[in-house]
Amino acid sequence: MKKINKYLYGFLLGTMTVGLVACDDFDEINLSPSAAGAESMRPDYLLATSFQKAQQNPNDNERVFVYNWASIARVIGENTFGCAARYSDEYNGCLYSFSSNSISAATNAIKLVDENEAAGNYNEREKKYNNNIRQIARIWRCMVIADFTDCFGPYPLNAFQGVNPTFNSVQEVYDFMLSELKDAQSKLVMDIDISEKESKQDAAFKLNPTKWQKLANSLRLRYAMRLSEVDAAKAKSEFEDAARSALLTDNADLFGFQEYGGWSDWEGVYNRPWNDNVISQSMVNILTGIGGIKTAESYNAITESTADITPYVKPMNYIGLEFKNHYPENTDNPMNYQWLDGVPESVDPRAFVLYNLPNDATANTYSDEAKQTVAEEGNSSYKERGMLDTDGETYTWGKINATLTFNGALSGVRTAWSPTFKFNEVVVNSWNTCSFLSEKYRNNSKARIWFGPWETHFLLAEAAVRGWSAGTDAKTAYEAGVTSSFAYHGLERYASAYLASEVYNRVGTSASFDHTAEPVDFEADYVDGYTKTAGKKMYHYPDASKALYKGHKLNDALSKIITQKYIANTPYGVVEMWNDRRRLGLPFFEVPGAETVLTGSDMDNAKTYDPVTQSCKNGQTWGMFTQRMRYPTSLENADVTEYNHALQLLGGENNMMVPLWWAIK
């Protein structure tokens, strides 16, 4: 065991000590390929194992994907964990564990091919086949390494190489990945027939070398663009080189793994029934209005609902019921104080595929979890909630029926941080009042997407906006990305009208690429939630000069591209959504609303944001948004010297508020 620990101590020893990898599994993972049993002697089996380990079992996906990634990316909003820089050492250990297991298996597959090749153990056909296994393992390994380094920071590039691992900087990791991907895709053997049995080792691409080559080159675009704000020259050079190659642009080449039921690594990442997966207010603000597609014409057609949506549709200049005494003031959410008692006149049609509307059990998006709640309560899973009087008991202003409304959970909603929320049952109990993630993303019927073709188009569009050689113009690439996303959801019929629309969403971005006029504040209709009196007031879009985005625009080309990329990547591309937020500050997110010190958050521990002394209305800073995940303490326990080396390369303490090398500073 001493030899094994030395072999991989920097990556797997720590995960074992927190109880996430059993000792037997640990021994098996750490075996040298040449010393393994007959089954493990097959590189393609090791590759299949690597794919599987990265998918996340139900324990891991709840703690990593839902509580951290989806929360930070604002795909869901009721979880005030990752988005508010709260942490759990156990949860971080889950990410460390499954990432290291996946990388270890891929590395051993590569080494095993090298060993057999050197020993002359392959015939000509086996040489071709196993060479491709090696190159695919190299490409895939880069994806898992990228998730690791984009979450934690520095990563040991010599892990699983038979030497004591030494951490490398984020910059060095990106240099490695860009070089590795370029070399690996160039060495794939294209003229090979794959048998049905062999293809089963790759549940995504069936070992198709053409698809893997396209993916590798599109990944080169992704990782090159990550450097745009810290090394523009290298980003441009690497991007342009990759853009000249075959790319993943067709929906038939979507890279993802089918989810399945049962307690396994293939279980759906959103399928835990006790996770409500409520839409965030950030997402609602982004989806409202944009594209100009009429809710009255799209909702029933998309969801197959038999509900009459017409009475619930509200004009775009109506912003709902106002409850000024039940929301914290220190937030830059443009819809603060408001509860929309209906559905906006126009909503991005993808919203009705991705999320349900409250209490519409006839819709094909309605989740089983909600149906179970109906059965338990014998009434409605969406209980009527209200704004409590100061006694905490009386509903002086009545209760709110949230049926067929479109509202989201606010970031950072905790009564411990905002005493005002103690009296706001509607927001605090968002699982009773807001939309859930759609049933189809909760019931193991979808493929978890790791790279969608729309991302390639949006990367090319961004490059063109920057003046780089992308092989296309920005508008063409942008519209191809939107169309690809609509086609994935079966909504092609709406794409043309959507792309022509100049209707702004709630944060001031429209869909038409040529429409770049900045939004102008307007007089909105509302109803006083306390007196039930109709009134008018100015609706203020976010102040672009105070937003995190350095372009200081709400509706310029880059804002449009990243907004559409964000929507298209929902709900699976959460790490990439977070990456764009850290790299560019796009799309617009409101700062977590709070009234007291954020006790338990790394925003407080690192002193990057104090709602008591620092008003977000004076301008957003990177310190108001989660920057990374903590290394688990098991790493420090395993080797304090190398742990300190990792933090030295990181450039800060082991907390969630240290920006990575490529992020906004």
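Predicted model: local features only at pLDDT ≥ 70, side-chain atom pairs only at ≥ 80, totals over all residues.

Me: Take Phe-148 and Tyr-155: what kind of aromatic pair do they form?

Reply: Their centres are 5.3 Å apart, with 70 degrees between the planes. Planes over 60 degrees apart count as edge-to-face. So the Phe-148 and Tyr-155 pair is edge-to-face.

Me: And is Tyr-155 buried or exposed?

Reply: Buried means under 20% relative accessible area. Tyr-155 has 2% relative accessibility, so it counts as buried.

Me: Tyr-270 and Tyr-572 form a tilted pair; how many residues apart in sequence are the parts it ties together?

Reply: The two rings are 6.3 Å centre to centre, at 45 degrees between the planes, and both Tyr-270 and Tyr-572 are buried. Tyr-270 lies in the loop between β1 and α11, while Tyr-572 lies in the loop between α20 and α21. The pair therefore ties together parts whose separation in sequence is 302 residues.

Me: Now the open sheet of four strands: which are its edge strands?

Reply: The strand order is β4-β3-β9-β10, with mixed pairing. β3 pairs with β4 in the antiparallel sense over two bridges, and with β9 in the parallel sense over three bridges. β9 and β10 are antiparallel over six bridges. The strands that pair on one side only are β4 and β10.

Me: Within that sheet, which residue stands opposite Glu-322 in β9?

Reply: Glu-322 belongs to β3, which spans residues 318–322 and pairs with β9. Five of the five residues in β3 are buried. Across in β9, the residue opposite Glu-322 is Asp-528.

Me: Moving to β1, which residue in β8 stands opposite Gln-258?

Reply: β1 and β8 pair in the antiparallel sense over four bridges. β8 is mostly covered, with four of its five residues buried. Opposite Gln-258 you'll find Ala-447.

Me: Last one: over the ring of which residue does the charged end of Lys-399 sit?

Reply: For Lys, NZ has to be within 6 Å of the ring centre and within 35 degrees of the ring normal. Here the charged end is 4.6 Å from the centre, and the ring belongs to Tyr-395.

Conventions. Residues numbered from 1 in each chain as written. Heavy atoms only, no water. Buried < 20%, exposed > 50% of the residue type's maximum accessible area, 1.4 Å probe, protein only. Pairing = 2+ DSSP bridges. Phe/Tyr/Trp six-rings, centres within 6.5 Å; stacked < 30°, edge-to-face > 60°.
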